[in-house]
Amino acid sequence: MKEEGKIYELNAKNVYKYFGGVKAVDGATVMVEKGKLTALIGPNGSGKSTFYNVITGFLQSDKDDTKILFREENIKNLPPESIAKKGMVRTFQHTRNFPKMTVLENMLISPQNQIGESMFWGLLARPLWKVQEAKFVRRAKEILEFLEIDHVINHLAEELSGGQQKLLAIGRLLMAQPSLLLLDEPVAGVNPTLANKIFDRIIELKEERGIDVFLIEHNMDVVMSFSDDIYVLADGKVIAHGEPDKIQENKIVLAAYLGENPDDA
Amino acid sequence: MDEKILLDRDMNVELRFVDKYRSLILAISFSVPVLWIFLYPVLFMGSGTRYFLDTFAFVFLFAAMALTLNLEVGYLGLPNFGKVAFVMIGAYSYAMSNVAGLNIFGIGEILTGLIVAMLVTGFSGVILSLPTLKLREDYFAIVTIVAGEILRLVANNEERLGGFSGFPVTNFVFEEFSPDMTMSGTNLFFLDFIVLIFFTILGVSLYVYNKNKFNNNFDVIKARKMAIQKSMNIQVWVGLLLIYFNYKLVYQEFASISFDVFIIVQLILWYTLKFLINFSSDKNDYLVYGSVILYIIFGIISLSTGDILNPGDTNINNTNWYFMLLTGGVMYVVYYVMELIYHSPFGRALRAIREDDTSALSIGKSLFGLRLRGLILSNVLTGFVAAFYAMILSNISPQAFLPLLTFQLYIMVIVGGTGNNKGVIFGSVLIQILIQGTRRLSDVKIYYPFFTNEDIFGFGRLVNPFNLALIIVGVTLIIFLIYAPEGIFPEKRDNNEEYQDLLYLLDDEAINSNKLSLKILSKLVNVDIKKISMEE
């Protein structure tokens, strides 16, 4: 499904996921356009994270007519690591760094195609992977400076504050040089100043590095002011789709969030 | 260095004395009683050097096995409770290959046996892990412990596997010498002196060369430390080579053990230098040169008086001495591989999986693939060590592979420090000396409940020191799990030095310093150096 002049980075059609009788995701369709910051919002329990899990391969869709295309390539039923290798990487709602490893090591795990990561060459080709490693270290330093957490480069990940951990999680993904970032609540539990800072960084990423971002967020202020395209999920279904101002005026969305009957509003 | 990053992340924090020297205090408080047990047979029971050498051979082999277990438990986070099964497979395949007289490509029965042991053990690791790796960690533990027991029971009842009595294993070191030949040859002043001069010149010149090289990129102390490490690494390999030649010469009754001792002492000296560098802040290298001069004086004195340990004839049994050196070499090889893995991106990926497997998946690491590779590597090395374990046992039977062996190895890893190779070696020294030493002490009378040599109050009971040692080990384990689960030497958490160097290193330098080896390697791996060193 290609509309005129639009290139879709991610095209997830008819995603279904049932947990027993609960319809967590019930035929949701989301298309992430290239060059736009797309947000997925919805009340608690509307299936946002489950939707993420399905498109990144952690869960399987329950129906056969599901189509998940990433850059025109079918990624349905692929294991999560293969999807990540194709350039679509994600964060988790609860930040999951590698706690007992240093910030620099956390960053260095991410790059793809590391020579030293093969069992054989990791042992035998030490001079060679050191050259590659030097490149990764430079890249890691640059990204940490960009995220303004380069002063904690030698600390353990578990020693960082919550906000720094969120930034580190984003930094880890950037090391993999992705083309699409899926961010699951990047500013949840972060104070407004830092939240704005994180979003400034995300916008910079999009504009300067050409990385597309698809995010889940509850903080309406930042979502409405920063995103270009919004999908609203409720009870596993997409109930609205459009630009921020349209979504803000949409009665169905308000009803879903405030629990009111759309006809009364 | 305009952009200096703090090397030590605790630099700004004032630590309490107990916290700062925690490892040292724990290590000393445990090693003093163990040392007492180790020396007791010599001081009061008249045991000879043979006891020392045998004990250390056991220590080295168990340390090597514990190191491979550390790869599974410490790096990968996989609780393999069936370690004994793989040790058994390795030992049995070596023994069976020897009994059958296998000799591929004419490389000799011993080498063939070693290769067979490594291949069979590695392959059996794959077979066991294919169905079990998808299981959760606790189920993996249950399956492996059962696998170990099944294997032992099968070997016990299967005639083709030797049955209850097992196989005899020939020890090739013991075959080359007559068992009780003692070393004389202490009048080899000339040969020893050459070694002394050669090693000193080699060590110092390597040190000076590397220090000047590192001085461009690092501060003085760091450059000195790295130079010493570099110098040591080369000396170790040269030393091993020389000891091997000496071993071949002993056969012709030409060289002596004092030669070996010199090489080992030299290496220990350089190793202590590396620690001493921490305390020297002066820009001069007086510490290094001073120690070298001291060493030369010490060497000349000892040479002029004969052997370092005993003037005149030594009563060191050469077969045991060389077998101990061999097992030490085996341990060093395993340790070297483990350190290489720990500092390589491969080991980093393994540790990442241990920390958070879901997160590792989400950035494209294949859990199954990496775990499988880690297990294969660990099992191949286990097979290698197990072949030597079979040699030291001289007769292998199912009774030698009780589950107790697995738990001994676990205790070594936990007490020493999970994930820290040096700690694991220290743990094996403690536990293995305790067990071997108390075996030796089985004639000593100890009465409980007061653990005295005589029954003071008349109601005491005799207790076997060996059984007492097992109880002590068990209690120690419980205490450690509660109060210090990370062990005596916790895993290094600021292991950034490797990458820290890279922060300063320019890519041109890295390429130019190793031009030839890089060219060959890039051909082998089939990558473009320009491409991997430059950002697109």
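In chain A, four strands form an open sheet in the order E2-E1-E4-E5, with antiparallel pairing. Strands are DSSP runs of E with at least two residues, helices are runs of H or I with at least four, and both are numbered from the N terminus. Two strands pair if DSSP finds at least two bridges between them. The model is predicted: local features need pLDDT of at least 70, side-chain atom pairs count only at pLDDT 80 or more, and totals for chains, interfaces and linings use all residues. Residues are numbered from 1 along each chain as its sequence is written, while chains are lettered from A and ligands numbered from 1 in the order in which they are written.

The edges of the sheet are strand E2 (22–33) and strand E5 (73–74) of chain A, each pairing on one side only. Strand E1 (residues 8–19) of chain A pairs with strand E4 (residues 67–70) of chain A over four bridges, in the antiparallel sense. Within E4(A), Phe70(A) stands opposite Leu10(A). Helix H1 (residues 48–55) of chain A packs on the sheet and touches E1, E2 and E4 of chain A. The direction of H1 makes about 115° with that of E1(A). Contact requires C-beta atoms, placed from the backbone, within 7 Å. Axes are lines fitted to C-alpha atoms, for helices over the stretch in contact, and angles run from 0 to 180 degrees between N-to-C directions.

Chain A is divided into domain 1 (1–87 + 180–191 + 212–265) and domain 2 (93–177), with bounds from an automatic or database domain assignment. Their centres, taken over C-alpha atoms, are separated by 28 Å. Eight residues of domain 1 of chain A contact seven residues of domain 2 of chain A.

In chain B, helix H5 (residues 109–132) packs against helix H15 (residues 367–393) at an angle of about 145°. The two axes lie 7 Å apart. Residues of H5(B) in this contact include Gly113(B), Ala117(B) and Thr121(B); those of H15(B) include Asn379(B), Thr382(B) and Gly383(B).

Thr382(B) lies in helix H15 of chain B. Thr382(B) is buried, because 33 other C-beta atoms lie within 10 Å; the class requires 20 or more, against 12 or fewer for exposed and values in between for partly exposed, with C-beta atoms placed from the backbone. Leaving aside residues up to four places away in sequence, Thr382(B) touches Met65(B), Thr68(B), Phe86(B), Val87(B), Gly90(B) and Thr121(B). Ala117(B) is 265 residues from Thr382(B) in sequence, yet their C-alpha atoms are 8.9 Å apart.

Conventions: Two residues are in contact if their C-beta atoms, placed from the backbone, lie within 7 Å.
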